[in-house]
Amino acid sequence: MGEQALKCFQHCKREKNILCFTIPLVCPLCSQDTVTTAMRIPPFIIDSPFVSAISTQCCVVIKPTRGSFLEDFTNQSNLHVGVTNSRGVVYEFDERGVTVGAKDWTQCIRVHVILNDSADEVMYGTWDEQLSVCVMDQRWNRNCYNEVTHNCYDFVLYFLRTQELKDVNECLSDRSSFCVRFILPKTQKAGKYISIYREIVAKCYVLQDP
């Protein structure tokens, strides 16, 4: 099932936000009709942390190794990382070797590693060229893959080091530094969204302090 838009509004109380997918006909706080009575804050959509990789440009992308974020992710889930080129095509490394253009990155987290706002088409051209080179490098063939010692994170870090990203080079020395800087902040934020999303699926709405 596709992701539903998560809406937020206030009806009668400033102290409580109401989060839902579909605006309830009756306010869960005051039991008044939400259609005919005024709202303190009209419904607005809360931005989802998830995107389709095809909408990204020269980013690191993350998804669960198995399943999807909204339906399957837990704190114990393994994460799979890849890199998109300037057209949103995913390059990833796993037991198959390097795979290009997989279509199962429709619900992933986007991580910007090009932090310089002045990055231009020349930068993106270099990015694409180096990705094509990595595909041909024998260290990324399927026989070299090891789930623990030579995996998707190693592929992404190796590629990023070729880009001379001065703003983030110190975080590319090892997986731990990279995860602390780029992965954990994103997954922690996504975790909060997932918890609310699943609670709404179960209860139809959630009451939350502003």
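Me: Which element supplies the largest share of the lining of the largest pocket?
Reply: This is a predicted model, in which local features need pLDDT of at least 70 and side-chain atom pairs count only at pLDDT 80 or more, while totals for chains, interfaces and linings use all residues. Residues are numbered from 1 along each chain as its sequence is written, and side-chain values use heavy atoms, without hydrogens and water. The largest share, seven residues, comes from α4.

Me: How much space lies in the largest pocket?
Reply: A pocket is an open set of points on a 1 Å grid over the protein atoms alone, where a 1.4 Å probe fits, with protein on both sides within 12 Å along at least five of seven lines. The largest pocket is lined by 28 residues, and those nearest its centre are Thr 65, Asn 78, Leu 79, His 80 and Tyr 153. The space in this pocket, taken as that filled by probe spheres set on the points, is about 660 Å³.

Me: Why does the pair of Trp 127 and Phe 159 tie together parts that are apart in sequence, and how many residues separate them?
Reply: Twelve aromatic pairs (ring centres of Phe, Tyr or the six-membered ring of Trp within 6.5 Å; planes under 30 degrees apart stacked, over 60 edge-to-face, the rest tilted) are found in the whole structure. Trp 127 and Phe 159 pair edge-to-face, at 4.8 Å centre to centre and 85° between the planes. Both residues are buried (under 20% relative accessible area with a 1.4 Å probe, protein chains only; exposed is over 50%, partly exposed in between). Because Trp 127 lies in helix α2 (residues 121-136) and Phe 159 in helix α3 (residues 152-161), the sequence separation that the pair bridges is 32 residues.

Me: What angle lies between the planes of Phe 178 and Phe 182?
Reply: Both residues belong to helix α4 (residues 175-203), four residues apart, about one turn of the helix. Phe 178 is buried at 0% relative accessibility, and Phe 182 is buried at 6%. Their rings form a tilted pair, 5.5 Å centre to centre, with an angle between the planes of 40°.

Me: How far apart in space are Phe 21 and Tyr 205, C-alpha to C-alpha?
Reply: Phe 21 sits in the loop between β2 (17-20) and β3 (41-45) and is buried, with a relative accessible area of 10%. Its contacts (heavy atoms within 4.5 Å), leaving out residues up to four places away in sequence, include Leu 6, Tyr 197 and Cys 204. Phe 21 also forms one aromatic cluster with Phe 50, Phe 69, Phe 73, Tyr 193 and Tyr 197. From Tyr 205, 184 residues away in sequence, its spatial distance is 7.5 Å.

Me: Is Cys 58 buried or exposed?
Reply: Most residues other than glycine have a negative phi. Cys 58, in the loop between β3 and β4 (60-64), has a positive phi of about 55° although it is not a glycine. With a relative accessible area of 2%, Cys 58 is buried.

Me: Is Ser 31 buried or exposed?
Reply: Ser 31 is located in the loop between β2 and β3. It has a positive phi of about 65° although it is not a glycine. At 57% relative accessibility, Ser 31 counts as exposed.

Note on methods: Helix = DSSP H or I, 4+ residues; strand = E, 2+ residues; numbered from the N terminus. 1 Å grid on protein atoms, 1.4 Å probe; cavity = no way out; pocket = protein on both sides within 12 Å on 5 of 7 lines; lining within 4 Å.
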